[in-house]
Amino acid sequence: MLVNRVKDYRKGRGLTQEDLAIKAGVSRQTIISIEKNKFIPGLDVALKISSSLEVSIDKLFYFV
């Protein structure tokens with residue numbers, strides 16, 4: 001099972017879903033879907049989000 005911590009890191013940096021979407025160049029709906037585990041992003045989107053949050057991709061997304 002893929003786990004993501006996007007919401008934790010986003011909130012920890014004081015960003016709204018809209019803020020993160022703009023920084024990452026994706027839609028707000030994409031961020032919402034990822035945070036609710038309804039969408040697994042491709043590598044390109046995952047890298048954009050990790051870069052925007054200034055955290056390594058393996059800390060944002062990992063398997064358990």
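The largest nonpolar core of this predicted model has 16 residues, and those with the most contacts inside it are Val6, Ile49, Leu53 and Leu60. Such a core is a set of buried Ala, Val, Leu, Ile, Met, Phe, Trp, Tyr and Cys residues joined through side-chain atoms within 4.5 Å. The elements that give two or more residues to this core are helices H1 (6-12), H2 (17-24), H3 (28-35) and H4 (43-53), and H4 gives the most, with four residues. Because the model is predicted, local features need pLDDT of at least 70 and side-chain atom pairs count only at pLDDT 80 or more, while totals for chains, interfaces and linings use all residues. Residues are numbered from 1 along each chain as its sequence is written, and side-chain values use heavy atoms, with hydrogens and water left out.

**Terms for elements and exposure**
- Helices (H or I, at least four residues) and strands (E, at least two) are DSSP runs, numbered from the N terminus.
- Buried means under 20% relative accessible area, exposed means over 50%, and partly exposed lies in between, with a 1.4 Å probe and protein chains only.

**Leucine 60 and serine 50**
- Leaving aside neighbours within four places in sequence, leucine 60 is in contact (heavy atoms within 4.5 Å) with Val3, Asn4, Arg5, Val6, Tyr9, Ile49, Ser50, Leu53 and Val55.
- Serine 50 is found in helix H4 and counts as buried because its relative accessibility is 6%.
- Not counting residues up to four places away in sequence, serine 50 touches Val55, Ser56, Ile57 and Leu60.
- A polar atom of the serine 50 side chain lies 3.1 Å from the backbone oxygen of leucine 47.

**Helix H2**
- The residues Leu20, Ala21 and Ala24 are buried in H2, and they lie on the same side of H2 because they cover an arc of only 100 degrees around the axis, where the arc is that of the directions from the helix axis to the C-beta atoms.
- What covers the buried residues of H2 includes H1, H3 and H4.
- Glycine 25, which follows H2, has a positive phi, near 75 degrees.

- H3 is mostly covered, with six of its eight residues buried, namely Thr30, Ile31, Ile32, Ser33, Ile34 and Glu35.
- The cover over these buried residues of H3 includes strand E1 (2-4), H1, H2, H4 and strand E2 (61-63).
- Asparagine 37 follows H3 and has a positive phi, near 60 degrees.
- Isoleucine 40 lies in the loop between H3 and H4 and counts as exposed because its relative accessibility is 61%.
- From C-alpha to C-alpha, isoleucine 40 and serine 27 are 14 Å apart in space, and they are 13 residues apart in sequence.

**Salt bridges**
- The structure holds two salt bridges, each being a side-chain nitrogen of Lys or Arg within 4 Å of a carboxyl oxygen of Asp or Glu.
- One joins the side chains of arginine 5 and aspartate 8 at 3.3 Å, N to O; arginine 5 is partly exposed at 30% relative accessibility, and aspartate 8 is partly exposed with a relative accessible area of 46%.
- Another joins the side chains of arginine 10 and glutamate 35 at 2.6 Å, N to O; because arginine 10 lies in helix H1 and glutamate 35 in helix H3, the pair ties together parts that are 25 residues apart in sequence.
- Arginine 10 is buried, with a relative accessible area of 6%, and glutamate 35 is buried, with a relative accessible area of 13%.

Definitions and conventions. Polar contact = N/O pair within 3.5 Å; in protein donor to acceptor, adjacent residues only side chain to side chain.
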